[in-house]
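Please read them beside the model.

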Amino acid sequence: MPYQRVDRATLRARLQDRFDAAPFWTDTDANLALNHALRLWNALTGYWRRRISISGPINDPLIPIPSGSLVQRTAVTCQGQAMTPTTLHSLGLLRPNWWTERTTSGGSVPTRPLLWAPVGLTLFVVWPAPVVQMSFGVDGVRTTPILTTDGSFIDIGDEELSVLIGYCLHVLAIKAGPVVVQRTAEYHRTFIRAAALRNSRLLASNWYRNFERQSLQKAIVPPAIPPAETLAS
Amino acid sequence: MTDRELLDELQRAVIETPDEGLTWASGLWTLAEILGYANQRQQRYLHETLVVAGWAQQSITPNDSVQSLPGGWLQTLHVLAEIAGRTSPLLPLSRPVTDLITPAWATSSGRPLGYIDHAVGTQTIELSPPPLTGGLLHLFGSWLADTLDRSGINLAVPDELAPYIFYGVLADMFGKQGRAFDQTRRDYCESRFAEGIAIGLAMVEAVTMP
């Protein structure tokens, strides 16, 4: 995908291009809306990713993810070997005694951690727990790069930039009142659709299907706002 | 995102003078009221999505089916019972199902096979059958988050999901009966909060039932 570096000042200018009058927002409002849009884009698509290395605890199946490093973990390796994802419930069904089993337990217990299961977004457990310090590589979605100065930039393609800018306008619209919120609602729908194209889990979810169905219903049934109302009213 | 940053953004959204939530000149809302909305929405979000989950350990009281949960316990994700050096997962059950499986379960002690969450009151868990001996309960779940009080503490939810707390609070603000009431924006913000719960659940890939 064609990336380009876009700084915060340029993003604000592009946002202003979407509004044919003096804006009803300040530069600070726009900056906050941009960061809001970037955070949601990252949450919905996992756009910014990284790999971190964690020195696992000894004799403890619980491994916390360092605060501020990852938002969501997607894959885990142990000493460079991929581990299989599972769930706490499946782990309990597979190995009822998994919590106390270690790499030195013997029998059918493997000698290195093979399975990992998430516990919320900030923890995961491994089975079996190692008795020596081992290095775990965790791939995942990193914390969103927030634009703090006008020189701060993001790498993003134009096709997604337009979606982000449109959504920013919709975020700001809450300040302008219900009329503008409804008139910019299509930007929100476009934002969600663009995110779903990048996230197959979102695309297949019941929530997204209901969202599209409601969007279609709103398109068929017009909102109960008199057409003569303008932004000035 | 800190509680002050959230309050500042809320002020901007409702055209109040932004001062990190200190004053609400319109008189439509008060700081205490907004903080109440923020705390309630955050706790509700954590309860429904389990985005921030952890582990706790409780001693098992023998011969008593009702065991206490840690203070501030919000939602149970998974339970293990460690008795005599061996752990076993406990199935989440309901009282009717437990009674159907073993009508005399409450009077026959043994190794617990399942748990009933909050069956006999808040902050309690009931084990079926009652444990014959002591041991440890390994609890996976979520706690109440630290109270937001404009002291600059971080929201418990990740920053990427904090915008949905913002919309949840706005839904409460616009839903206040009186001069502040705005049905369109209230309904919109409520739908955004529901969207946030769906997104949070998708991120966590939570399994609430086996």
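1. A polar contact here is a pair of N or O atoms within 3.5 Å; within protein, one must be able to donate a hydrogen and the other to accept it, and residues adjacent in sequence count only if both atoms are side-chain atoms. Across the interface of chain B and chain A, 14 residue pairs meet that rule, both at pLDDT 80 or more.

2. This is a predicted model: local features need pLDDT of at least 70, side-chain atom pairs count only at pLDDT 80 or more, and totals for chains, interfaces and linings use all residues. Residues are numbered from 1 along each chain as its sequence is written, chains are lettered from A in the order in which they are written, and side-chain values use heavy atoms, without hydrogens and water.

3. Contact (heavy atoms within 4.5 Å) links 49 residues of chain B with 47 residues of chain A. The buried area is about 4,100 Å², and carbon and sulfur atoms give 67% of that. Buried area is the accessible area (1.4 Å probe) that two parts lose on being put together, summed over both. On the chain B side, B:R12, B:E160 and B:M203 lose the most area to chain A, together 17% of what that side buries.

4. The interface has two salt bridges by the rule (a side-chain nitrogen of Lys or Arg within 4 Å of a carboxyl oxygen of Asp or Glu). B:R12 and A:D29 form a salt bridge, at 2.9 Å, N to O.

5. Within chain A, strand 1 (residues 4–7) pairs with strand 10 in the antiparallel sense, over four bridges. Pairing needs at least two DSSP bridges; strands are DSSP E runs of at least two residues, numbered from the N terminus. A:Q4 has A:I156 of strand 10 as its bridge partner.
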